[in-house]
Amino acid sequence: MHSDTILVTGAGGQLGTELVLALRKIYKTVIASDLKDGTPELKEGGDFVRLDVLYKNGLADFVKRFNINQIYHLAAILSATGEKNPEFAWRVNMKGLRNVLDVCAENGVKKLFFPSTIAVFGPTTPKVNTPQYTVMEPNTIYGISKQAGERWCDWYFQKRGLDVRSLRYPGLISYKTKAGGGTTDYAVDIFFEAAEKKKYECFLKHDTVLPMMYMPDAIRGTIEMMETPAEKITVRSGYNFAGCSFAPQDVAAEIKKIIPDFSISYKPDFRQSIAESWPQSIDDAVAQKDWGWKPEFDLSKMTKDMLANVSAIAHV
Ligand code: NAD
Ligand code: AKB
């Protein structure tokens with residue numbers, strides 16, 4: 001077991017709930033933190049603390065008191081919620097990150113993980129096989145804040161020597177915790193509705209292709225990237241990170257192979273234009289080269305696993 005003491009912010013969310021459990025298998029001390037109260041799972045397997053990333057002094061005191069030497073800074077407001085409240089999203093995403101970066105630099109925290117996103121790309125970015133380095137003109141507050149966040153991370157690496165690492169996650173699909181206010185949330189909700197009601201009304205058009213990733217791949221990739229020797233990490237903004245790409249009609253067809261009477265209808269809302277501003281597929285050649293990234297789950301394998309797990313939850 002590694003002896004580093006890790007703090008995870010925003011640990012009560014979709015990603016944090018599973019990442020904390022995975023980190024606790026390899027690190028002796030992983031402290032989960034969130035603005036809201038922690039789930040029993042987070043509290044039972046280790047320490048949980050209420051921490052607001054907008055309160056820098058509280059964060060700094062905690063980091064000093066517990067000799068934190070790695071932070072996974074997950075707390076953020078996602079794309080759909082962010083468009084409804086841009087000021088709030090900018091404050092949480094930007095001020096929260098700046099606080100964390102400063103606290104790291106001022107208190108000897110040696111490593112920081114910052115989750116970036118495909119939302120850093122925009123309508124002028126090449127949509128298919130989006131390269132690592134390309135035009136980036138995000139047009140959501142979430143995307144703008146994450147792109148600025150990537151630049152701050154790179155700056156802290158260059159100017160302050162902080163070992164900051166980041167992945168541009170696609171839409172994450174999981175069954176342990178539901179998705180939290182994003183544009184890709186349909187790809188989680190569809191499985192729960194399929195298992196419970198055998199029908200789903202989708203807020204994106206049938207043929208809206210987006211990059212996605214199953215949570216076990218996302219967790220494994222995150223830990224593999226964070227464990228890679230520093231000299232091999234050539235990207236300090238955010239690595240392109242690909243799983244699989246599909247549209248609502250594709251996942252519906254896969255679900256129908258297992259639940260033949262499943263039906264889907266479409267009622268696009270404001271999230272359609274957000275989805276249309278993002279890439280359809282991602283070229284992650286740099287992640288493959290630097291730290292050997294390779295996903296395990298395609299749409300078909302993920303659908304089987306998701307449905308088995310959400311059905312088990314639905315029938316408990
Ligand atoms: P989520 O919305 O499920 O969880 C975010 C957590 O942050 C919540 O538990 C919330 O209570 C907490 N939080 C909000 N404001 C806070 C504050 N001021 N102080 C402390 N905690 C606060 O999000 P997620 O899906 O788990 O995403 C985690 C990270 O990964 C985010 O930075 C997100 O941008 C990034 N990401 C997620 C996805 C995805 O599909 N889930 C894709 C790309 C990037
Ligand atoms: C969202 O839809 O906002 C997130 C993301 C891709 O960053 N899931």
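Biologist: How much space lies in the second largest pocket?
Modeller: The structure is a predicted model. Residues that line the second largest pocket include Glu18, Leu21, Ala22 and Lys25, together with Tyr214, Met215, Pro216 and Ile219. The space in this pocket comes to about 170 Å³.

Biologist: Which element gives the largest share of the lining of the second largest pocket?
Modeller: Two helices, α1 and α8 (215-227), each supply at least two residues of this lining. The largest share amounts to four residues, and the element that supplies them is α1.

Biologist: From which domains does the lining of the second largest pocket draw at least three residues each?
Modeller: By class, this lining holds seven nonpolar residues, one polar residue and three charged residues. Its residues include Ser174, Tyr175 and Lys176. The domains that each contribute at least three residues are domain 1 (2-169 + 214-240) and domain 2 (172-211 + 243-281 + 296-314).

Biologist: Which residues lie nearest the centre of the largest pocket?
Modeller: The elements that each supply at least two residues of the lining are α1 (14-26), α5 (86-106), β5 (111-117), α6 (141-160) and β7 (171-173). The lining divides into 20 nonpolar, 14 polar and six charged residues. Of the 40 residues that line the pocket, those nearest its centre are Leu74, Ala76, Ile77, Leu78 and Gly180.

Biologist: Which side chain has a polar atom 2.8 Å from a nitrogen atom of ligand 2?
Modeller: Thr183, Thr184 and Tyr142 are among the residues that surround ligand 2. The contact to a nitrogen atom of ligand 2, at 2.8 Å, is made by the side chain of threonine 184.

Biologist: What percentage of the area that ligand 1 exposes alone does the protein bury?
Modeller: Ligand 1 is surrounded by 26 residues, the closest being Leu15, Asp34, Tyr142, Lys146 and Leu172. An N or O atom in the side chain of aspartate 34 lies 2.6 Å from an oxygen atom of ligand 1, and the side chain of tyrosine 142 likewise places an N or O atom 2.6 Å from a ligand oxygen. Taken alone, ligand 1 exposes 830 Å², and the part that the protein buries is 92%.

Biologist: How far from an oxygen atom of ligand 1 does a polar side-chain atom of lysine 36 lie?
Modeller: A pair of N or O atoms counts as a polar contact within 3.5 Å. For lysine 36 and an oxygen atom of ligand 1, the distance is 3.4 Å.

Biologist: Which elements give two or more residues to the lining of the largest cavity?
Modeller: One cavity of 30 Å³ or more is found in the whole structure, and the largest cavity has a volume of about 50 Å³. Its lining includes His73, Asn93, Leu97, Phe114, Pro115, Ser145 and Lys146. The elements that give this lining two or more residues are α5, β5 and α6.

Methods
Residues are numbered from 1 along each chain as its sequence is written. Chains are lettered from A and ligands numbered from 1 in the order in which they are written. This is a predicted model: local features need pLDDT of at least 70, side-chain atom pairs count only at pLDDT 80 or more; totals for chains, interfaces and linings use all residues. Side-chain values use heavy atoms; hydrogens and water are left out. On a 1 Å grid over the protein atoms alone, a cavity is a set of points where a 1.4 Å probe fits but cannot get out, and a pocket is an open set with protein on both sides within 12 Å along at least five of seven lines; lining residues have an atom within 4 Å of a point. Ala, Val, Leu, Ile, Met, Phe, Trp, Tyr, Cys and Pro count as nonpolar, Asp, Glu, Lys and Arg as charged, and the others, Gly among them, as polar. Grid points are joined across faces, edges and corners, and a volume is the space filled by probe spheres set on the points. Domain bounds come from an automatic or database domain assignment. A residue is near a molecule or strand if one of its heavy atoms lies within 4 Å of it. A polar contact is a pair of N or O atoms within 3.5 Å; within protein, one must be able to donate a hydrogen and the other to accept it, and residues adjacent in sequence count only if both atoms are side-chain atoms. Accessible areas come from the Shrake-Rupley method with a 1.4 Å probe; for residues, only the protein chains shown count as cover.
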